[in-house]
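Hi,

Here is the structure I promised to hand over. Have a look at it first, and then read on for my notes.

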Amino acid sequence: MTKPLTHFFAFVIISVIAVSCSQSPEKQLTGTWKVSDVQTDFDETKVTPEMLRQVVDMQKQTFFKILNDTIMVIISNNVTHEAKWHFNKETSEIIYFFVGMENMSHTLGKFEENKIVSKSNTPLGVITTTFEKE
């Protein structure tokens, strides 16, 4: 292969990488997100193994679709909820609220390393749910 042709292919590869890496977080978030991992930090004197399994199974039933830069659909136990969302660039958090309830926002989780990590404090302890894009 000649040198100019080699340089051309190198330029094309670098350009593709640069464009894909420069995509805004909002664009990277568009798509369907499903649970890839659930970790619990519970007081084991307060929960049975069966209770713990049920909590983890319940978390795994929830997934969501980010349709565009403002609309998301949350599916939990076969029930669909539409919400509005935005990305906080300072904290890397995804915040959402239901239409008509704008003053009651919720934190979906933090976007880090192409995953969304959600931590929930419950009376039993902390649940950390990791979502990955399909």
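This is a predicted model: local features need pLDDT of at least 70, side-chain atom pairs count only at pLDDT 80 or more; totals for chains, interfaces and linings use all residues.

First, the ground rules. Residues are numbered from 1 along each chain as its sequence is written, and side-chain values use heavy atoms, with hydrogens and water left out.

**The barrel**

The fold contains a closed barrel of 8 strands in the order β1-β2-β3-β4-β5-β6-β7-β8, with antiparallel pairing. From one strand to the next, the twist averages 30°. Helices (H or I, at least four residues) and strands (E, at least two) are DSSP runs numbered from the N terminus, and two strands pair if DSSP finds at least two bridges between them.

Helix α3 (residues 49–60) packs on the sheet and touches β1 (31–42) and β8 (125–133). The direction of α3 makes about 160° with that of β1; axes are lines fitted to C-alpha atoms, for helices over the stretch in contact, and angles run from 0 to 180 degrees between N-to-C directions. Contact here means heavy atoms within 4.5 Å.

Some of the strand pairs in detail:
- β1 and β8 run antiparallel and are joined by 9 bridges; V35 stands opposite F131 in β8.
- β7 and β8, also antiparallel, are joined by 8 bridges, and a hairpin connects them through 2 residues.
- β3 (residues 71–76) and β4 (residues 79–88) are antiparallel with 6 bridges; I74 has H81 in β4 as its bridge partner.

**The cores**

The largest nonpolar core has 15 residues, and those with the most contacts inside it are L29, W33, F64, M72, W85, I94 and I116. A nonpolar core is a set of buried Ala, Val, Leu, Ile, Met, Phe, Trp, Tyr and Cys residues joined through side-chain atoms within 4.5 Å; buried means under 20% relative accessible area, exposed over 50%, and partly exposed in between (1.4 Å probe, protein chains only). Two or more residues of this core come from each of β2 (63–66), β3, β4, β5 (93–97) and β6 (106–112), and β4 gives the most, with 3 residues. Leaving aside neighbours within four places in sequence, L29 is in contact with I66, W85, F87, I94, F111 and I116. A second, separate core has 6 residues, including V38, F42, V47 and V55.

The largest pocket holds about 440 Å³ of space. Of its 20 lining residues, the closest to its centre are Q59, T62, S118, S120 and F131. The largest share of the lining, 5 residues, comes from β6.(A pocket, on a 1 Å grid over the protein atoms alone, is an open set of points where a 1.4 Å probe fits, with protein on both sides within 12 Å along at least five of seven lines; lining residues have an atom within 4 Å of a point. Grid points are joined across faces, edges and corners, and a volume is the space filled by probe spheres set on the points.)

T130 lies in strand β8 and counts as buried because its relative accessibility is 12%. The bridge partner of V117 in β8 is T130. K60 is in helix α3, and its C-alpha atom is separated by 9.8 Å from that of T130, 70 residues apart along the chain.

Best wishes
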